[in-house]
Amino acid sequence: MPGQARLDYPFLRGGGAMGRAITAHDWASTPLGAISGWPSVLKISAGTMLQSAFPKCLCWGDDLTMIYNDAFVPILGRKHPCLGIPFLEVWKEAAESLAPITARALAGEATFIEDFEIHTTRSGTMESAYFTFCYSPVRDETGLVRGMLDTVMETTAKVKANSLAQLRNRELVHRSRNAYALVSALVNLTFRSGRPSEEIKSEIHKRIAALVRAQDLLMEAGATRGLLRLVAERALEPFEDGGARITITGPDIAIGREQVTALSLALHELATNSIKYGALGSLTGQVTLGWQVTGTRFRMDWTERGGPPVQIPATQGFGSRIIRYTLPEAFGGALSLDYAPEGLHLSLSTAADRLLADDPFAADAVLPELPR
């Protein structure tokens with residue numbers, strides 16, 4: 001009120017914003033009563049707590065009435081201010097897990113816990129948060145437990161970072177296992193072609209390079225998913241001769257990790273075959289790669305025009321297996337190939353939600369085995 005003398009409690013001096021808030025608070029309406037009547041042990045405990053730069057909350061009496069310092073405010077989030085309110089009422093959504101620990105403190109037993117998970121609404125919505133803390137009893141000069149001191153540090157960011165690191169390690173192992181399986185199949189199936197060794201060697205190098213480009217794309221993105229357009233551009237870049245021979249159209253769409261690998265290899269094989277037998281082997285040839293989502297369906301088309309008359313391949317090699325089997329299996333869809341005389345047309349269709357349906361960290365998520 002105007003003209004009222006400002007109260008000064010020496011034990012609260014230097015207590016920062018919370019020291020001032022405690023001074024101004026109506027403690028007479030709480031179980032603690034007016035500050036002037038607080039016992040010495042409470043004043044000393046509160047003053048010591050306020051001087052700490054470490055997050056601390058002093059909970060006094062059987063009701064665990066809260067007094068806390070500036071460093072504890074971020075722990076509370078939207079629960080602040082809550083001076084003078086019982087601890088388990090403030091954290092009522094987590095009271096079931098916290099009550100046994102507070103009971104031990106009031107019984108004279110300290111408890112130290114690392115990375116303890118609680119579910120809290122402190123941000124306005126329910127969330128998981130992690131804390132390393134110690135609930136320790138506070139005794140008076142006679143040895144009687146009068147309250148509890150909560151000394152706490154939030155570790156949510158650390159726990160989530162460790163969890164993400166573990167997932168990434170699993171992903172790395174899984175990706176390495178997949179790459180080994182693919183390279184093994186690639187080498188074995190390429191050697192079965194019976195072509196000259198130098199031609200086989202060149203083919204193997206190009207296919208491994210396509211696989212490496214797909215893996216590089218995932219690593220550069222820092223995630224296990226990639227944008228379809230970026231995957232297509234990276235896979236077809238080696239086949240551009242400086243002109244606009246290949247046209248890529250379609251919206252930005254995220255696809256799963258296995259889809260990135262399968263699509264990269266399939267596009268490499270399509271472009272390689274186009275150079276050998278199709279549109280990219282002709283000076284006037286054109287290739288269009290496009291995709292779209294209509295309603296709940298995704299469709300992608302590879303269309304060649306302007307090349308020599310198309311003939312259906314007499315045999316199936318590694319490339320054919322990647323295109324015919326691995327690609328549609330990775331997308332969970334259907335593939336059609338039309339060897340029309342005017343140019344090859346490939347169409348892949350699937351449910352749009354299959355583009356994000358693969359679990360990037362599933363231990364058993366592997367590319368489908370190639371038919372032998």
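**Reading backbone, sheet and helix features**

Me: Where is Asp115 found?

Reply: Asp115 is found in strand 3, which covers residues 111-120. Keep in mind throughout that this is a predicted model.

Me: Is Leu64 buried or exposed?

Reply: Buried counts as under 20% relative accessible area. Leu64 has 3%, so it is buried.

Me: Which peptide bond is cis, with omega near 0°?

Reply: The bond from His80 to Pro81 is cis, its omega being near 0°. Pro81 sits in the loop between helix 3 (73-76) and helix 4 (87-90).

Me: Turning to the sheet, in what order do the five strands stand?

Reply: The order is 7-9-10-12-11, in an open sheet with mixed pairing. Strand 7 (246-249) and strand 11 (334-340) each have a single partner strand, so they stand at the edges, with one side of each left without a neighbour in the sheet. Ignoring direction, neighbouring strands are turned by 10° against each other on average.

Me: How many bridges pair strand 11 with strand 12, and in what sense?

Reply: Seven bridges join strand 11 and strand 12 (residues 343-351), in the antiparallel sense. One detail is that Ala340 has Gly343 of strand 12 as its bridge partner.

Me: Which strands do helix 8 and helix 9 lie across?

Reply: Helix 8 (residues 228-236) lies across strand 7, strand 9 (286-294) and strand 10 (297-305), and runs at about 170° to strand 7. Helix 9 (residues 257-277) lies across strand 9, strand 10 and strand 12, at about 20° to strand 10.

Me: What describes two packed helices?

Reply: The description uses the angle between their axes and the distance between the axes. For helix 8 and helix 9 the angle is about 40° and the axes are 9 Å apart. The two helices are therefore oblique to each other, and their crossing is right-handed.

Me: Which residues meet where helix 8 and helix 9 pack?

Reply: Helix 8 brings Leu228, Val231, Ala232, Ala235 and Leu236, which meet Val260, Leu263, Ser264, Leu267 and Ala271 of helix 9. By class, this contact has nine nonpolar residues, one polar and no charged.

Definitions and conventions:
Residues are numbered from 1 along each chain as its sequence is written. This is a predicted model: local features need pLDDT of at least 70, side-chain atom pairs count only at pLDDT 80 or more; totals for chains, interfaces and linings use all residues. Side-chain values use heavy atoms; hydrogens and water are left out. Two strands pair if DSSP finds at least two bridges between them. Helices (H or I, at least four residues) and strands (E, at least two) are DSSP runs, numbered from the N terminus. Axes are lines fitted to C-alpha atoms, for helices over the stretch in contact, and angles run from 0 to 180 degrees between N-to-C directions. Contact means heavy atoms within 4.5 Å. Angles under 35 degrees count as roughly parallel, over 145 as roughly antiparallel, 65 to 115 as roughly perpendicular and the rest as oblique. A crossing is left-handed if the near helix is turned anticlockwise from the far one by less than a right angle, and right-handed if clockwise. Ala, Val, Leu, Ile, Met, Phe, Trp, Tyr, Cys and Pro count as nonpolar, Asp, Glu, Lys and Arg as charged, and the others, Gly among them, as polar. Buried means under 20% relative accessible area, exposed over 50%, partly exposed in between (1.4 Å probe, protein chains only).
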